[in-house]
Amino acid sequence: MSANTITILRARRRLAKLWKADGTSEGYEDAKHYDMHCEPVDGLDGLHALLTELLHRPDCGVVRGAILDPARTQGVRRLVHPDPETGDQPTLRDTAHHWLALDVDGVPLPAEVNPLDLAACARTVLQMLPEPLRDAELIVQATGSHGMKPGARLRLWGWCDRALSGAELKRWFRDAPVDASLFRPAQVNYTAAPVFAAGATDPLPERLVRLVGATPLILAPSAAALTSPQKPAEPGPRLNAVSGSRYALAALTRACSNIARQGEGSRHPTAVSEALGLARLVNAGLLTQAEVTRAVDGALRQAGKPDGEGTAIVAWALSRRTDTGNLPAGVRA
């Protein structure tokens, strides 16, 4: 199967969020069985056309996995491995694709960015993603909660210059604020606009926009760069609590200095990036949430941002960053 294809699932359930007149919502309905078919996509234009069609199909979604057996596509489960309890056999296999979908959920937006402006929201988010995406042409899609809940809740679609596997994508975006579960072959990617019940209205004028870029393609890192094992960190001295705290406080000082010296357009994304790093130190017990919040909020005020923006950013970073595995050698909880 070509890398220029996409697997579409159709369920006899609602695969879209439902918003009610009182502002509450119902999530996606559970579906166990699907009908599957494969659609060819020819570059970003073809992907855009397909996504425009799927936007109005609340019974459909897509997965990265390719159909394993063309004779078994109706009323099947989305399985990559056999189910030992039921004996159900796999229906999908992992495969590489040129198309890329990134899910960004709840990234705080600067006060001056209108959440109804998808292009502006995307440009804010792109500052937190690998550099090749910042120059590439992309498709920006509002997910089911964007415009209804605070923050940027977007799906970014692009076309890479080579086909990338799910494992490569996990490695490439391991430090980015994206949902890595979408890189799994059987994970449903919900592509339909939300459904609005009687009395509820969609606040967004459009839910799918094209973001013009300097290059038509996302220039992905080489396969060797994404598949070769990382060089182990040089063994360092074991740090006691005092030396570990010195390291953490130095990191906090550097982060806040970096935030405070940023100009218009880079202050907010820099604060988000630094907060994600500092959250690792909080989770490792080397800093407290209160001191990180005070410091980041103060640095943003110094840079000209309103009170409270740092509080929201730090809270979000701590909700996303729970691991301590990327701390420097010797610095552990």
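This is a selection-by-selection tour of a predicted model.

**Before you start**

Residues are numbered from 1 along each chain as its sequence is written, and side-chain values use heavy atoms, with hydrogens and water left out. Because the model is predicted, local features need pLDDT of at least 70 and side-chain atom pairs count only at pLDDT 80 or more, while totals for chains, interfaces and linings use all residues.

**Whole chain**

Show the cartoon. The protein chain has nine helices and 13 strands. Both are DSSP runs numbered from the N terminus: helices are H or I with at least four residues, strands are E with at least two. Now colour by burial. Of the 333 residues in the protein chain, 49% are buried. Buried means under 20% relative accessible area, exposed over 50%, and partly exposed in between, with a 1.4 Å probe and protein chains only. Turn to contacts, meaning heavy atoms within 4.5 Å. Among contacts in the protein chain with a separation of 6 or more, 78% join residues 24 or more positions apart.

**Stop 1**

Select Thr5. Threonine 5 sits in strand 1. Its relative accessible area is 10%, so it is buried. Beyond residues up to four places away in sequence, Threonine 5 touches Cys38, Glu39, Pro40, Val41, His97 and Trp99.

Next, select Ala16. Alanine 16 is in the loop between strand 1 (5-10) and strand 2 (18-19). It is buried, at a relative accessible area of 0%. What is alanine 16 in contact with, leaving aside its neighbours within four places in sequence? The partners are Gly27, Tyr28, Pro58, Ala192, Ala193, Pro194 and Val195. Draw a distance from alanine 16 to alanine 192: their C-alpha atoms are separated by 5.8 Å, although they are 176 residues apart along the chain.

**Stop 2: the nonpolar cores**

Nonpolar side chains tend to be buried together in soluble globular proteins. A nonpolar core here is a set of buried Ala, Val, Leu, Ile, Met, Phe, Trp, Tyr and Cys residues joined through side-chain atoms within 4.5 Å. Select Leu102, Leu129, Leu133, Trp172 and Phe173. They have the most contacts inside the largest nonpolar core, which has 63 residues. The largest share of this core, eight residues, comes from helix 7. A second, separate core has 18 residues, including Ile6, Ile8, Cys60 and Trp99.

Zoom in on Leu133. Leaving aside neighbours within four places in sequence, leucine 133 is in contact with Leu100, Leu102, Leu126, Leu138, Trp172, Phe173 and Ile218.

**Stop 3: helix 2**

Select residues 118-126. Seven of the nine residues of helix 2 are buried, so this helix is largely enclosed by the rest of the structure. The buried residues are Leu118, Ala119, Cys121, Ala122, Thr124, Val125 and Leu126. Show what surrounds them. They pack against strand 8 (97-107), helix 3 (131-134), strand 9 (138-142), strand 10 (152-164), strand 13 (208-211) and helix 7.

**Stop 4**

Start with helix 7 (residues 267-283) and helix 8 (residues 289-302), whose axes come within 11 Å and cross at roughly 165°. That makes helix 7 roughly antiparallel to helix 8. Axes are lines fitted to C-alpha atoms, for helices over the stretch in contact, and angles run from 0 to 180 degrees between N-to-C directions. Angles under 35 degrees count as roughly parallel, over 145 as roughly antiparallel, 65 to 115 as roughly perpendicular and the rest as oblique. Show Arg267, Ala271, Leu278 and Val282 of helix 7 with Gln289, Val292, Val296 and Leu300 of helix 8; they make the contact.

The axes of helix 8 and helix 9 come within 7 Å and cross at roughly 135°. The two helices are therefore oblique to each other. On the helix 8 side, show Gln289, Val292, Thr293, Val296, Asp297 and Leu300; on the helix 9 side, Glu309, Gly310, Thr311, Ile313, Val314, Ala315 and Leu318.

Finally, hide helix 8. Helix 7 and helix 9 pack at an angle of about 50°, with their axes 8 Å apart. That makes helix 7 oblique to helix 9. Residues in helix 7 that meet helix 9 include His268, Ala275 and Asn283.

**Last stop: Ala312**

Alanine 312 is in helix 9. Buried or partly exposed? Alanine 312 is partly exposed, with a relative accessible area of 41%. Its C-alpha atom is separated by 9.9 Å from that of glycine 151, 161 residues apart along the chain.
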